[in-house]
2 protein chains.
Amino acid sequence: MKEYSKSALNKVKRGANRAVYDVDKINKILDAGFIGYVSYVYDGQAISLPMAYGRDKNKIYLHGSLKNRMLLSVLASESMSITVMHLDALVLARSGLHHSVNYRSATIFGKARRIEDSVEKEKILKCIVDHMMIGRWEELRPINQKELNATLVIEMTIESASAKIRDVGVKDEKDDEKLPIWAGILPIKQVAEFPISDELLPEHVEVPDHVIQYYNINKADRN
Amino acid sequence: MKEYSKSALNKVKRGANRAVYDVDKINKILDAGFIGYVSYVYDGQAISLPMAYGRDKNKIYLHGSLKNRMLLSVLASESMSITVMHLDALVLARSGLHHSVNYRSATIFGKARRIEDSVEKEKILKCIVDHMMIGRWEELRPINQKELNATLVIEMTIESASAKIRDVGVKDEKDDEKLPIWAGILPIKQVAEFPISDELLPEHVEVPDHVIQYYNINKADRN
């Protein structure tokens, strides 16, 4: 599959010129972050909460406590959705209504299922931790059976999706362009600062390469 | 009102020790950003989309096109919700399940109403633009009646809310603390880079003070 087919659910209505259905481009947006806004219906009301996720091919993974209200609710529902957005710039126009932001945003739809098998669960938890920081899982104290039993692991298969990308400059009314009003864009970046070691660390434990690498890449440009 | 009362809707179930119901603290989270995840129900399915907002006291303001599916849907529903989250750090523990993030997140609930009066609409659009960048509205070409007529403006009254804040270090199992595994936090910041002027600007138009101020404050610490 190279592109998600359009339906009433995922078709972008406003700003259709910025709509993206391409699978690779949407995966790139998903991989540029690790926090998604998972939406669910509670008592007829839509709520969304931020959650860490991992991705492998067309699967998105979430985890939480066995009693997590949101996760139990998405398991009980026919379909779930997650939205991920990266803010890239403020777009400051000459008039109020042409103010905008540059961004990359994706909304994915699909069905959730609960993972019961311990081997599969462990593989998925590795995927989630490594999605946050590549190379991290291998250096950790191995997960134990008690922890696996106490963790709810969910796999979402992406069935439909759409994204919107705005990455251009100011778009003002033609007549406004000659006005003596400053317009432009203000780039916004999410950056990492230098890691702060836990004070309980034994003295000889240094900041490992995978953390330094993350810092180096992300201090310049997170995505 | 100093604190939102707890109900089944807004009561924090997981990590209740991090729960915040204090009105001022929740307003501070709302004012530290300007993009919120507005949730709505479409065809039985919960979806959330990022939107710019403004705040004045216990009112949250949104705007969009007259045909915006999400805004029309929240107007038609009994209650709406918006979630705002700021990521402050990666929390890198010695075991996988103690990985976490430091963050400030708020979810607000309330009823939406459509604003019809032009004077009120203009005041609200100023609130939204100035929430993104203080001092911006006054320097712009004034909004005209045609633009006001073509814009859907929504006022949400916050009736209930809760927030979660995590701002501490690594919390590992006691037995893991002596392991030779690096643990610590990696602070994450959203920063502004220097403004890029629109190429169509008349030559004498300089970057104004309110933009430089935003840049100076935000390059160091956006919030």
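## Basis of the model

Residues are numbered from 1 along each chain as its sequence is written, and chains are lettered from A in the order in which they are written. Because the model is predicted, local features need pLDDT of at least 70 and side-chain atom pairs count only at pLDDT 80 or more, while totals for chains, interfaces and linings use all residues.

## Chain A

Chain A has 5 helices and 10 strands. Helices (H or I, at least four residues) and strands (E, at least two) are DSSP runs, numbered from the N terminus. Along the principal axes, the C-alpha atoms of chain A fill a box of roughly 65 × 50 × 35 Å.

Of the 223 residues of chain A, 39% count as buried. A residue is buried if 20 or more other C-beta atoms lie within 10 Å of its own, exposed if 12 or fewer, and partly exposed in between, with C-beta atoms placed from the backbone. Among contacts in chain A with a separation of 6 or more, 72% are between residues 24 or more positions apart; two residues are in contact if their C-beta atoms, placed from the backbone, lie within 7 Å.

## Symmetry

Chain B is superposed on chain A by a rotation of 180 degrees with 0.0 Å of shift along its axis, at an RMSD of 0.0 Å. The two copies are thus related as by a two-fold rotation axis. In chain B, the C-alpha nearest this axis belongs to B:Q190, at 2.1 Å. The superposition is by least squares on the C-alpha atoms of residues with pLDDT of at least 70 in both copies.

Strand 9 (residues 184–192) of chain A runs antiparallel to strand 9 of chain B, and 5 bridges join them; two strands pair if DSSP finds at least two bridges between them.

A:V211 is placed in helix 5 (residues 209–220) of chain A. A:V211 is buried, since 24 other C-beta atoms lie within 10 Å. Not counting residues up to four places away in sequence, A:V211 touches A:P195 in its own chain and B:L92, B:W182 and B:L186 across the contact.

In chain B, the 15 residues of helix 3 should span 21 Å at 1.5 Å a residue, and the end C-alpha atoms are 21 Å apart, which agrees. The expected span is 1.5 Å times one less than the number of residues. Buried residues of helix 3 of chain B include B:K121, B:E122, B:I124 and B:H131.

## Positive phi in two loops

Most residues other than glycine have a negative phi. A:D43, in the loop between strand 2 (35–42) and strand 3 (45–52) of chain A, has a positive phi near 55 degrees. A:D43 counts as exposed, with 8 C-beta neighbours inside 10 Å.

B:K57 also has a positive phi, near 55 degrees, and lies in the loop between strand 4 (54–56) and strand 5 (59–65) of chain B. With 9 C-beta neighbours inside 10 Å, B:K57 counts as exposed.
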